[in-house]
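Here is a short report on one protein chain. Please keep the sequence and the 3D view open while reading.

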Amino acid sequence: MDSSNESEALQRSDVKSFFDSAPPLRNGNLISERLKEFIERNSRSSESGRPVGVVCVTSGGTTVPLEQRCVRYIDNFSSGHRGAASTEYFIKAGYTVIFVYRRGSCQPYCRYLPEDSFLEFFKLDEDSTIQVSESHATVVKKAIRDYRKAVEEGLLLKLPFTTIFEYLQILQMVATSMSSFGQHGMFYLAAAVSDFYVPWESMLETDPNILLQKADMALKKYRMHVVVANALATYKKEVVAVTNSGKTTICKHNEEEDIEEQLINLLVAMHSKYIGQVG
């Protein structure tokens, strides 16, 4: 085996290893169904005599999780503006677009909306009627009209991702689906993609015992009266209030109640007791 063939074999092995060890894709079956419907619809358009170009546009940045139940991650910054703008122009040029985008990044036909608050586009009349302000009406109407036209005519399919695992698995599914278009298919990869990842099986998980040890350490180091410890997997159902005198576990008893109500009641009682002791 010459060096070039050996290099290609190693690359194929790395790719296989990545996909074999990646976590299952969230909503993978739904994504597969949406892709199938989109591809079939545009294949019929092609057969009816309309030349169709299909482009996959990727947009936004990927994250690299540091835990399986992810609290910490390394992010690749990208606003997604270029991918969103390019999608609009591809559709204008007659292409259909599969838009693979980072959740929360810039969207096609939404590039001119305010970044801080969508509410800036609206005003409240004296009779409490909500209307689009005159200064923004033209932009909003055009954005809505163009977006609805693209979706209703089957010209735009949006598939979101967050992690590097989601991105590459979705991209693989799209590539497989688009293979039927041959030379009429295009990939426009505008996403900021991480050039490394932490293997899924190698990630650290939060040990409950270590969590409580850290709570004790924080209590002493920062001279706190109480530290509330919770694990990501159960934080909506159970928390532990750690004090110098011991640990109090608070559990949620039914789906209707908020665990925060019990927690705040406990803290209020502790605070009242403290005020009584030092008052």
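Is Tyr-197 buried, partly exposed or exposed? Tyr-197 is partly exposed, with a relative accessible area of 29%. The model behind this value is predicted.

## The chain as a whole

The protein chain has 279 residues, and 33% of them count as buried. It holds 7 helices and 11 strands. Its exposed surface comes to about 18300 Å². Carbon and sulfur atoms supply 53% of that area.

Among contacts with a separation of 6 or more, 64% join residues 24 or more positions apart.

The pairings can be followed strand by strand. β7 (residues 156-161) and β4 run parallel and are joined by 6 bridges. Here Tyr-101 has Pro-160 in β7 as its bridge partner. Strand β1 (residues 53-59) also runs parallel to β4, with 7 bridges between the two. On the β8 side, β1 and β8 pair in the parallel sense over 5 bridges. Thr-58 stands opposite Leu-189 in β8.

How many of the 8 residues of strand β4 are buried? The count is 7, so β4 (residues 95-102) is largely enclosed by the rest of the structure.

The charged end of Lys-158 sits over the ring of Tyr-101, 5.5 Å from the ring centre.

## Aromatic pairs around Phe-165

The count of aromatic pairs comes to 10. One of them joins Phe-165 and Tyr-197. This pair is edge-to-face, at 5.9 Å centre to centre and 85° between the planes. Phe-165 lies in helix α5, and Tyr-197 lies in the loop between β8 and α6 (208-221), so the pair ties together parts that are 32 residues apart in sequence. The two residues can be set side by side for accessibility. Phe-165 counts as buried at 2% relative accessibility, whereas Tyr-197 is partly exposed at 29%.

Which kind of pair do the rings of Phe-165 and Trp-200 form? Their centres are 5.6 Å apart and their planes stand at 85°, so this pair is edge-to-face. Trp-200 lies in the loop between β8 and α6 and Phe-165 in helix α5, so the pair ties together parts that are 35 residues apart in sequence. Trp-200 counts as partly exposed, at 21% relative accessibility. Buried requires a value under 20%.

Phe-165, Tyr-197 and Trp-200 belong to one aromatic cluster that also includes Phe-18 and Phe-19.

Definitions and conventions. Residues are numbered from 1 along each chain as its sequence is written. This is a predicted model: local features need pLDDT of at least 70, side-chain atom pairs count only at pLDDT 80 or more; totals for chains, interfaces and linings use all residues. Side-chain values use heavy atoms; hydrogens and water are left out. Buried means under 20% relative accessible area, exposed over 50%, partly exposed in between (1.4 Å probe, protein chains only). Helices (H or I, at least four residues) and strands (E, at least two) are DSSP runs, numbered from the N terminus. Two strands pair if DSSP finds at least two bridges between them. Contact means heavy atoms within 4.5 Å. Accessible areas come from the Shrake-Rupley method with a 1.4 Å probe; for residues, only the protein chains shown count as cover. Rings of Phe, Tyr and Trp (its six-membered ring) pair if their centres lie within 6.5 Å; planes under 30 degrees apart count as stacked, over 60 as edge-to-face and the rest as tilted. A charge sits over a ring if NZ of Lys or CZ of Arg is within 6 Å of the ring centre and within 35 degrees of the ring normal.
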